[in-house]
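Hi,

Here is the structure I said I would pass on to you. Have it open while you read, and look up each spot as we get to it.

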Amino acid sequence: MPSFTRPATALRALAFALLLTAQAQAQAAGYRVDTVIEGLEFPWALGFLPGDRMLVTERPGRLRVIEPGADGRPTLRAEPVAGLPSVLASGQAGLFDVMLDPAFADNGLLYLSFAHGSVEANHLRVVRARFDGTALHEVTPILTTQPAKSHTQHLGGRMALLADGTLVVGMGDGNLERTDALRLHTHLGKLLRVHRDGRVPDDNPFVGREGARPEIYSYGHRNPQGVVYVSRDRTLYAHEHGSRGGDELNRIEAGANYGWPITTHGVDYTGARITPYREWPGVTPPLTHWTPSIAPSGMCWYDGTLFPQWRGSLFVAALAEKSVRRVPMRNGRPGQQDVLFRELGERIRDVRAGPDGALYLLTDNAEGRLLRVTP
């Protein structure tokens, strides 16, 4: 009886051929990709510590330290950071972003975003904590989205600091009552802005408006998972997942309405029409959209020295497309995009520009990797 199973030697030959092809594609593109760390469980975000150390969040609720080993090579510390608050890890919910305070070298403060509560009643929470190199201390909630929502979808979670030191975090629409993204009595479907101690800035656009949450900075978002402030342009950019198509890159203005779900270039996952409108009076249109969807996740701004041809670009990690999009920005407008790293064949959860000028990637996998991109 004939066998349809490839011999092991043939499989090894195929794997080797695919590896050579990937290496050739990367070489032609002018970069190389090296594995820094393996064995991360659904890593979500990366932060750079002083002394060639890094922090990585794992969605199940662990904060990990990467540090030079005895041989000087990056090593994953076996024990996770102690002192983390309780994290709801279910479905899309879990531990999300990590961000260091601008004065971290002096005060040791960092910020974490994560899902808090239960499956039936959960929130996005941001805490501030002091990190001593081993454990978190003085863990203080500075933002908990309201009201509680059921189910564990569309929690956003990415954070950024504006020029004035205030913190912006994206919150998704919860994927239940999508029109809440346009309603100001709820944090769902919004970008939110607070001081780093949790106080509400006096100049937030809806402070003092009856029935509006004062933390709201912009609204009409579906599920923002990339937020970057570019000091050169004094501009806040955010991207968000569409449904089936309609992923967006937006320039964020205080008080602006970004339209979801009244306007979108996407349709529902069933194929049903969400809305007939792609534009609407008073809605700020996206700078660009991705249809079909690429499922954008992390995002960074690159202005390093290792890749001069990439300077002045946003890099957008993509889950569904298994790529990173390079979006060159000129006078606040996106140029011709490059689709990078598809040869890896992996969902990319986060992309960060390192202090060494390299680009760092996190793969979205139960055996996730931290990758370093250099010329």
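Let's start with four strands that form an open sheet, in the order 14-15-16-17, with antiparallel pairing. Strand 14 (224–230) and strand 17 are at the edges with a single partner strand each, so one side of each has no neighbour in the sheet. From one strand to the next, the twist averages 20°. Keep in mind that this is a predicted model.

In case pairing is new to you: strands of a sheet pair through backbone hydrogen bonds, and they can do that either parallel or antiparallel. Strand 14 and strand 15 (residues 235–240) run antiparallel and are joined by 6 bridges. If you want a place to look, find tyrosine 229, which stands opposite leucine 236 in strand 15.

**The loops around strand 17**

Now follow the chain into the loop between strand 16 (247–252) and strand 17 (288–290), where you will find proline 261. What kind of peptide bond joins tryptophan 260 and proline 261? It is a cis bond, with omega at about 0°.

Isoleucine 262 is also in the loop between strand 16 and strand 17. Together, Ile262, Tyr277 and Trp280 make a nonpolar surface patch of about 280 Å².

There is another cis peptide bond from threonine 291 to proline 292, this one with omega near 5°. Proline 292 has its place in the loop between strand 17 and strand 18 (296–302).

**Positive phi**

Next, two backbone angles to check. Glutamate 138 is not a glycine, yet it has a positive phi of about 55°. You will find glutamate 138 in strand 9 (residues 136–144). Is glutamate 138 buried or exposed? Its relative accessible area is 56%, and exposed means over 50%, so glutamate 138 is exposed.

Asparagine 331 has a positive phi too, near 55°, and is likewise a residue other than glycine. Asparagine 331 is in the loop between strand 20 (323–330) and strand 21 (333–334). At 81% relative accessibility, asparagine 331 counts as exposed.

**Aromatic rings**

Last stop: the rings. How many aromatic pairs are there? The count comes to 11. In one of them, tryptophan 44 and phenylalanine 96 have ring centres 4.9 Å apart and planes at 45°, so the pair is tilted. This pair links distant parts of the chain, with tryptophan 44 in strand 2 (residues 43–49) and phenylalanine 96 in strand 6 (residues 95–100), 52 residues apart. Tryptophan 44 and phenylalanine 96 are both buried.

Then look at tyrosine 302 and phenylalanine 315. Their ring centres are 6.1 Å apart and their planes stand at 75°, so this pair is edge-to-face. Tyrosine 302 is in strand 18 and phenylalanine 315 is in strand 19 (residues 313–318), so the pair ties together parts 13 residues apart in sequence. Both tyrosine 302 and phenylalanine 315 are buried.

Tyrosine 302 and phenylalanine 315 also belong to a cluster. Ring pairs link Tyr31, Tyr302, Phe307, Trp310, Phe315 and Phe341 into that cluster.

Key:
Residues are numbered from 1 along each chain as its sequence is written. This is a predicted model: local features need pLDDT of at least 70, side-chain atom pairs count only at pLDDT 80 or more; totals for chains, interfaces and linings use all residues. Side-chain values use heavy atoms; hydrogens and water are left out. Buried means under 20% relative accessible area, exposed over 50%, partly exposed in between (1.4 Å probe, protein chains only). Two strands pair if DSSP finds at least two bridges between them. Axes are lines fitted to C-alpha atoms, for helices over the stretch in contact, and angles run from 0 to 180 degrees between N-to-C directions. Patches are made of residues with over 30% relative accessible area and no salt bridge: like charges are joined within 9 Å, nonpolar side chains (Val, Leu, Ile, Met, Phe, Trp, Tyr) within 5 Å. Accessible areas come from the Shrake-Rupley method with a 1.4 Å probe; for residues, only the protein chains shown count as cover. A salt bridge is a side-chain nitrogen of Lys or Arg within 4 Å of a carboxyl oxygen of Asp or Glu. Rings of Phe, Tyr and Trp (its six-membered ring) pair if their centres lie within 6.5 Å; planes under 30 degrees apart count as stacked, over 60 as edge-to-face and the rest as tilted.
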